[in-house]
Each structure stands twice: as C-alpha cells, then as structure tokens.
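Colleague: I would like to go through this structure with you. May I start with the packing and then move to other topics?

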Amino acid sequence: MLYKTLSAAVYGIDANIIQVEVDCSGIKCDQDHFHTVGLPDAAVRESRDRVRAALKNCGYDIPPTHITINLAPADIKKEGSGFDLPMALGIVGAYGGLTKKDIGDCVFVGELSLDGGVRGVRGALPIAIEARGRKISRMVVPEANAKEAAMVGGVDVYPVRSLLDVIHFVNSGNGIMPIKADGDSLLRESQQFFVDFKDVRGQQTAKRAIEIACAGGHNILMIGPPGSGKTMLAKRMPTILPPFTFEEALETTKIHSVAGVLDQGTGLVATRPYRAPHHTISDAGLIGGGVIPRPGEVSLAHNGLLFLDELPEFPRNVLEVLRQPLEDGTVSIARASMSLTFPARFMLAAAMNPCPCGFHNDRTRDCQCTTPMIQRYISKISGPLMDRIDIHIDVPAVNYKEMRSTNEPENSAKIRERVMRARQKQLQRFATSRERIYCNA
C-alpha cells in the first residue's frame, strides 16, 4: 500500500517542501528490505533503524517486508534527521494504522528517539515560512521547535512530544492545541542587557567614536595597549544599536535556526547578535562552508556586531575572506553540487595592540619593539581590509584620576536615544534614493 506525507528540507536559509512516499509490499521476507531513495544523506539513510525501533516501542511491530521510501523531488539532496517523523507516519499509514487517507495539508518534521519521542531539528522557522508560501495550513513540529515556528503567522503550529501523539492527532484531529506566539511583544520584553556603558569610566573619545560608528553603521578599529578597555567597550556596543524590527529579527532567527544555535526557550533572536570568534578560527568557520554549506560567524552576526579581538593574530587568509561580505553584505559559497548565498550585513568592530608587546606610545610602560617589528605586526592586516574599516581610534590606558572620578558615566539608554535620532535622520535623507540605503556607511 502507498501512503504520502509532507516534510521539508533546508538549503542555506530557505526550505523546500518534500513529499515522503512510503510503499509497503506486505510480502514477508527473511531479511529486512528498507530502502530510502531520493538522494538521502547518511543521517536520512540511518533513519530506518530509528524508525523501526520507535515504531516497535510504540506498539507497532512491523514485520520484515519490502519497504521503499521516496523523498520527492528526487533530484534534491536530503540531509538531517527531520524526516524520521514523516517516514514513521507513512509506514503506519501504509499498514492501515491511520484513518485519514490524505494529510497533504500538514507538514511533519521531527527526529525520533528509540522510545518514540520526538526531538528538535534545525531550520523549523524557514520550513514554516515555506509552508505558508505554499498555502499549507498546518505544521507538526517537536515541542522544542514550536515557539520558533509559531513566529510565522498564517500557519497553525502543533507541538508534539512523541510519535503516539502525532498518530492520535492525525486519527482524531484533536488533542493538541496550536501554539501562539507574539513576536512584537517578545521583542519589547527582551530589550534588556547585562552590560552598560555606565560601567566604563574614562575613554570619552573612544565612546564618542563608537557612538558615531553605531549611528552610521560604520566599521571601527580600536588600537590600544592591553587593559585599556577595548573588549569592554566592544561588548557594550550592541546596547546602543537601534532595537530590532520584527522583519530583522525573523531574518536573523532563520540563520541561527539553520545553524542550530537558536535558544529553544525563546524561539526568536530578539536582540542584535554579538559574535566574537577566537583568532584560531578557520576561514570556513568565519565565512561558512562544509560539504553542505552552513552559515559562518559573519552570517550569525547578520544585523548585529562581529567583534574580532587581537586582529593581527588572525591568519591572513581568514581576514581576506571578509572583503566580500564587508562590501556586499552577503556571502556566496559555491560547491560542486550547489551554490548558496547567506546574508552577512553586520558591523565590524576590531581591536589590536599598537605593536607586538602592546606598549608603543604608552605613557606608563616602555615599548621593547623595534621599528621593523612594529611594521611587520601592522602589515599582517592588508590595505584593502583596512580601507573597509571606516573609523580608526586610539584607546589609551585609563589613568588613575579617571578611574577614581565620582562623576557618573553616561548610560547606554541615553546614548541609544541619540543613535536612534541619527538613524532616523539618515532614513529621511535617503528616502528618495533608488538604492536601499539606510545609513551613512
């Protein structure tokens, strides 16, 4: 008997609806003949063992028969464990365990544990967006992904914990209520930060430069000795950036969902991301890559801030791959089997010492570096990359008098108000522009 269900596969940050066709011959055989076709990867091929164990532990003892599962369209590569649930559901339906013969109005996504539980998967948000675009009204997802998928209006999202819950839902049509989520209220409630510019004493020139950079969307490079507060300042930059719009939050959440780094408790990236990779990162880790390309740090920082501390310590080939995303706001990754484009519109903040020892031109410590050593250190960063960093600012060490000052530093809320007013003026200035320009950068 043939039974069909719907699922989805994620490519880049978008999804494609996949039809899962299950054919069970009903003829018993000595060995298990369970075949999955349609360009499945290793995780999809291994699903046969998870599906059989889950069905058995849920009370469905499937005898050894010829089972063929086709993932259509067959010319698109399928990856991940999210096909477990629709496969198991199709097998139950092919053996007559489902009362409904047509469930083409519902997408099923989920990984099965051996006891029949349903685990979370990557990419629930782009799948929900694709389902809405295809006019599919319902979506069954693991409970861990429910809030994320519910951010997309126009699709009823049903959270499930086990395969038995899904079978009961299909047969009875009730028992599970669709989950609701209000993205706008979540954005308002999440505008809280654990750091603030009022914690930073002194560095008035650096604070002013950072305010200008955030107002105009400029990249910034901070140069100063160790302990002058460069990292401390960079960590507080997201607190003065304008709040997310819902469209920006949704776009950023898609990237984090596909990468598998989304916080399951919220379902939405509600504050601008701050990414600070270590200088040992590879070029694929920074820009994205893999056999099936995944987003890198520059895409995870989309609509937010990418901070590179100790900039000259990054390998030169890693820094050079930043040129395209800094210029275009996107990352294009080409492979033999596919070519994907990830969004990567971010602010770059970088920090470096003025010399290898860190104390060149410092007022309190003597520099031990020779002129050739300093030149070699600075030349680790290429001229074209330096040209893409708009603001270069010296961050000297804070003196004792500034540290002991009783004057209360300005907090992030006041600075953010000025940044938002500046952004508004820029929107008005570029309102008549034919190009999509939002800020001075």
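Predicted model: local features only at pLDDT ≥ 70, side-chain atom pairs only at ≥ 80, totals over all residues.

Colleague: Which residues of H2 are the buried ones?

Modeller: Helix H2 covers residues 47-57, and its buried residues are Ser47, Arg50, Val51, Arg52, Ala54 and Leu55.

Colleague: Changing topic: is strand E8 enclosed or open?

Modeller: Strand E8 (residues 138-142) is largely enclosed by the rest of the structure, because five of its five residues are buried.

Colleague: Which strands are joined to E8?

Modeller: Strand E5 (residues 106-108) is joined to E8 by three bridges, and the two run parallel. Within that pairing, Val107 stands opposite Met139. Strand E9 (residues 156-160) also runs parallel to E8, with five bridges between them. There, Val140 faces Tyr158 in E9.

Colleague: Tyr158 is aromatic. How many aromatic pairs does a search of the whole structure find?

Modeller: The search finds two. In one of them, Tyr158 and Phe169 form a tilted pair, 4.7 Å centre to centre with 45 degrees between the planes. Tyr158 lies in strand E9 and Phe169 in helix H6, so the pair ties together parts that are eleven residues apart in sequence.

Colleague: Are those two residues buried or exposed?

Modeller: Tyr158 is buried, with a relative accessible area of 10%. Phe169 is buried as well, at 3%. The other pair, Tyr274 and Phe307, is stacked, at 6.3 Å centre to centre and 20 degrees between the planes. This pair links distant parts of the chain, with Tyr274 in strand E11 (residues 274-275) and Phe307 in strand E14 (residues 305-308), 33 residues apart.

Colleague: And how accessible are Tyr274 and Phe307?

Modeller: Tyr274 is partly exposed, with a relative accessible area of 26%, whereas Phe307 counts as buried at 2%.

Colleague: Now to strand E10. What does it pair with?

Modeller: Strand E10 (residues 220-223) runs parallel to strand E17 (residues 347-352), with four bridges joining them. Leu221 stands opposite Ala350 in E17. Four bridges also join E10 to strand E18 (residues 391-394), again in parallel. Met222 has Ile393 in E18 as its bridge partner.

Colleague: Let us turn to the pockets. How much space lies in the largest pocket, and which residues lie nearest its centre?

Modeller: The largest pocket holds about 1,300 Å³ of space. It is lined by 36 residues, of which Asn303, Arg345, Arg423, Tyr438 and Cys439 lie nearest its centre. The elements giving two or more residues to this lining are helix H10 (246-259), helix H14 (323-328) and helix H18 (412-429).

Colleague: What is the class make-up of that lining?

Modeller: The lining of the largest pocket divides into 15 nonpolar, nine polar and twelve charged residues.

Colleague: And the second largest pocket?

Modeller: About 450 Å³ of space lies in the second largest pocket. Its lining has 21 residues, with Phe193, Val269, Thr271, Arg272 and Pro273 nearest the centre. By class, that lining has eleven nonpolar, six polar and four charged residues.

Colleague: Lastly, where is Asp23, and what does it touch?

Modeller: Asp23 is found in strand E2 (residues 14-28). Not counting residues up to four places away in sequence, Asp23 touches Met1, Leu2, His66, Ile67 and Thr68. The C-alpha atoms of Asp23 and Thr68 are separated by 5.2 Å, although the two residues are 45 residues apart along the chain.

Methods. Residues numbered from 1 in each chain as written. Heavy atoms only, no water. Buried < 20%, exposed > 50% of the residue type's maximum accessible area, 1.4 Å probe, protein only. 1 Å grid on protein atoms, 1.4 Å probe; cavity = no way out; pocket = protein on both sides within 12 Å on 5 of 7 lines; lining within 4 Å. Points joined across faces, edges and corners; volume = space filled by probe spheres on them. Nonpolar A, V, L, I, M, F, W, Y, C, P; charged D, E, K, R; others polar. Contact = heavy atoms within 4.5 Å. Pairing = 2+ DSSP bridges. Phe/Tyr/Trp six-rings, centres within 6.5 Å; stacked < 30°, edge-to-face > 60°.
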